[in-house]
Amino acid sequence: MYYTDGPAGVRQGEATALPSPLGLAATWDPGLASAYGAVIGDEAKHKGNDVVFGPTVNIMRTPLNSRTFESYGEDPTLSGRTAVGFINGLQDQGVMANLKHMAVYNQEGSTGGTRFSYNAIVDERTLREIYLPQFEAAVKEANPASIMCSYNRVNYQFACENEHLLKDILKGEWGFPGYVLTDYLAAKSTDGGLNNGLDFEPYPGVSYGPAAVNATLAAGLSTVEIMEEHVKRILRTMFDHGMFDRPAYVQDESKIDKVAHAQVAAEVEENALTLLSNKGVLPLKTAGLASVAVIGPGADSVPGGGGSATTVPYSVVTPLEGITKRAGSDVDVRHDDGSDQARAANVAKESDVAVVVVTKKTRGSLTDDACISLQCSATEPDQDALIRAVAAANPNTIVVLETPGPVLTPWRNDVAAVLEAWYPGGEAGTALARVLFGDVDPGGRLPVTFPQNVDQLPTAGDIEKYPGVAENVHYKEGVLVGHRWYDENGFEPAFAFGHGLSYTTFDYRDLQITPAKPNTDSVATVSVTVTNTGDRPGIAVPQLYLGLPDPSADLKQPPKQLKGFEKIALTPGEARQVSFPLNDRAFSYWSTDHDDWKVAPGCYAVMAGNSSRDLQAIGAAARGVGTDCGPHVINLDAQADLSVTNLVAAQHRPKETVLTATLTNSGPSDLSGVVVEFRDGDMLIGRTTPTSVTGGATRDVSLAWDSRSAKGDHVITATVDPDGDIPEFDESNNQLVRTITIRGNKVTNGSFEQSSSGSAPDGWTGTGSGASYNQTGEHSTDGTDAVGITSSLTTGGTWSSDPIEVTAGESYSLAMNTKSAATDLVPQLNVTYLDSTGSVVGAPLTIAPDGATTTTFGAIGRLTVPKGVSQLRLSLGTATPSTLASPQTAWVDEIWMW
């Protein structure tokens, strides 16, 4: 199994020189991180390698760290998203990633603590919230094959034999299935590594060589079972990543598409270039532009990092070359290396625009940088003075910074524009020229904070914080790292975290917080509408921050934390809604009391905008049952979410329609006292009696509506919890509106309540001695008139209706109320179809209720009128059983047809 360095490009012969990893983080684009990783993976494979040492995800605690350029900045959310993209892209090429350096590896070397042995004294909350989340995200979302442990100690135990980091957290809590290997010579003891989670020591294998391992086992300091577990992890990872399913990779660089990889390098750099300030000089316009001066030590060279991030480029395009080519033959591009400030100022004075390209060389591995100024010693050129001299000579001075991280910019208000290029990679000049001339929008946003002065740094003024005393480095600032520190202390930085200008402008509004459905991974989705308010296409990077409440008086939260971001391109006037799903973790802090992530009850600020200091859309959300954060602030922990998911109307008879609403309780808790209100337009129909709805379940609730005079269309509204008595996390779904149609009665005096003669109801004719009419109510189901049909083996009678007009092809329902005097006497209804002349059409239809021997109401039939029929007659009789010897009477007080 072959390994190569590769956080910024393959460190093996020549390779594509990509922008620095910090520049990659400045793109704020996990998709580009994937493309970046794919380039490295492809080149590593075709150079015969199986594993790439990368990416580096250590947090920038101080910009004095000489490996700042090699990692992804100061924020764990941005670092984690970038790492996931890089690993996915790299491992998609068939090589394995080695995520590094775990953990709390934030300085290289200084008097107080060298990287080989300094002791990072950090509390558990800070460890979990700042220095581990990016590792956790990468492990859980990208499945890196291996992880590299760091040289340093963490809370007195070396990282490569740190039981808490490697066994408890990485392999235990996170379930990491891969293997852990050391940095070069970072293993400290054989038994400490074997027993505490270290799986592999690369060359030269001092602690894990055969002699050392055998001696440790023989002395009983570890066991064969433990050793075999380490071997299994390595082999399992090799199988998982297909090493035994393919031929060994061989070095064949002819298979590397250098042109395509250079295009990726250029695209990454275009999206990494961060416009820090612009007084209108950019973008440059070739029309009317006669001359450009390109000045400075970086004008005709391209800097890069060192150590494991060293890359020897296949090819390089310098800023001077890129600008010259893009400007064209009609523009005089002049060059001065800046070694003589007076001469450089004169070149600038004679030019329309001056571009000053300044660089800062980092010390790389082993030793931290001495300062964050462009000049750290008298032996270095004074580039700050060069910038001032050129700016004094030409008001159109553009400063391009090629730096490993944040630097001081004391001249920033004296120049026309400032552009951070980071370590820009082999396509530096191409990308820079395209941004300067406006061929593309500057796509970068700061992954780090630029301070106004060194006194603003989180570690400033306290050697116990940095570089440490007697190798002990105290992380006293806790979770207040990077932009959190500046916000908490009210410091105004030179350029804030997340800052970066476009050539257009953006507006953020309509912030919405929508609770997620229960029993899902999300808690809420925050959306905001971003509009390009300028006259050019541009790139926006909407950023979402949460301000978490303090869990207690002695446990403070920073004013805001980055929780999401997205990169979008918008044309002039275009608006787009951007959504950020949030899970419980986004609202959580690490509770040392519970040894777990917890959500504190309270009010959470929700903010979105261009940067950590430019947040235009502001909102709030409540967490915790019973937490009240004011009107219109949604509580994401309400224990219920009632909704009306369906509304139907069943017309049992023309004078009664049953309205049924289907309720869904999407919350986890059972609810009682649930009421539904029905309205016909603005008129109240009624409310249901209180009922209960089980958590996570649905149920139907109904209300009978006296609709006898309501023939026609009606807009019915069903509202659950109309008085708002039940706390819910979403009340927008508590109402449903439907249009229903009430059909009128087709039977004249269907309830037999009107009689002109007193011996028969209007519209009906009785036949036979068994037909009787009662108006006293004792034979009806509701105290009204009724008709009787007396039957026996020798007697009988019927009631017949006048002809009833119907429409061929339409369907009708029939129903009746019955009250029989005998358990075996059943009323029945006969239907005779008539044509327009009154002639009978077809055979009669007979329908009867099921055993209507007591007070009964129900639909007893449904018919569809045949073709050629325009009328029908109803006749009411009984089905007389052969066992009925003595006369019995069945009473009917209602017949309805609709």
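Student: At what angle do helix α10 and helix α14 pack?

Tutor: This is a predicted model, in which local features need pLDDT of at least 70, side-chain atom pairs count only at pLDDT 80 or more, and totals for chains, interfaces and linings use all residues. Residues are numbered from 1 along each chain as its sequence is written, and side-chain values use heavy atoms, with hydrogens and water left out. Helices (H or I, at least four residues) and strands (E, at least two) are DSSP runs numbered from the N terminus, and axes are lines fitted to C-alpha atoms, for helices over the stretch in contact, with angles from 0 to 180 degrees between N-to-C directions. The axes of α10 (258-272) and α14 (428-436) lie 8 Å apart, at an angle of about 45°.

Student: Which term describes α10 relative to α14?

Tutor: Angles under 35 degrees count as roughly parallel, over 145 as roughly antiparallel, 65 to 115 as roughly perpendicular and the rest as oblique. The angle here is about 45°, which makes α10 relative to α14 oblique.

Student: Which strands stand at the edges of the open sheet of four strands?

Tutor: Two strands pair if DSSP finds at least two bridges between them. The sheet has mixed pairing and the order β8-β7-β5-β17. Each edge strand has a single partner strand, so one side is left without a neighbour in the sheet; the edge strands are β8 (157-158) and β17 (472-474).

Student: Which residue in β7 does Asn119 stand opposite?

Tutor: Strand β5 (119-121) pairs with β7 (153-154) in the parallel sense over two bridges. Across this pairing, the residue opposite Asn119 is Arg153.

Student: What is the bridge partner of Cys603 in β28?

Tutor: Strands β27 (602-611) and β28 (614-623) run antiparallel, joined by nine bridges. They form a hairpin with two residues between them. The bridge partner of Cys603 is Ala622.
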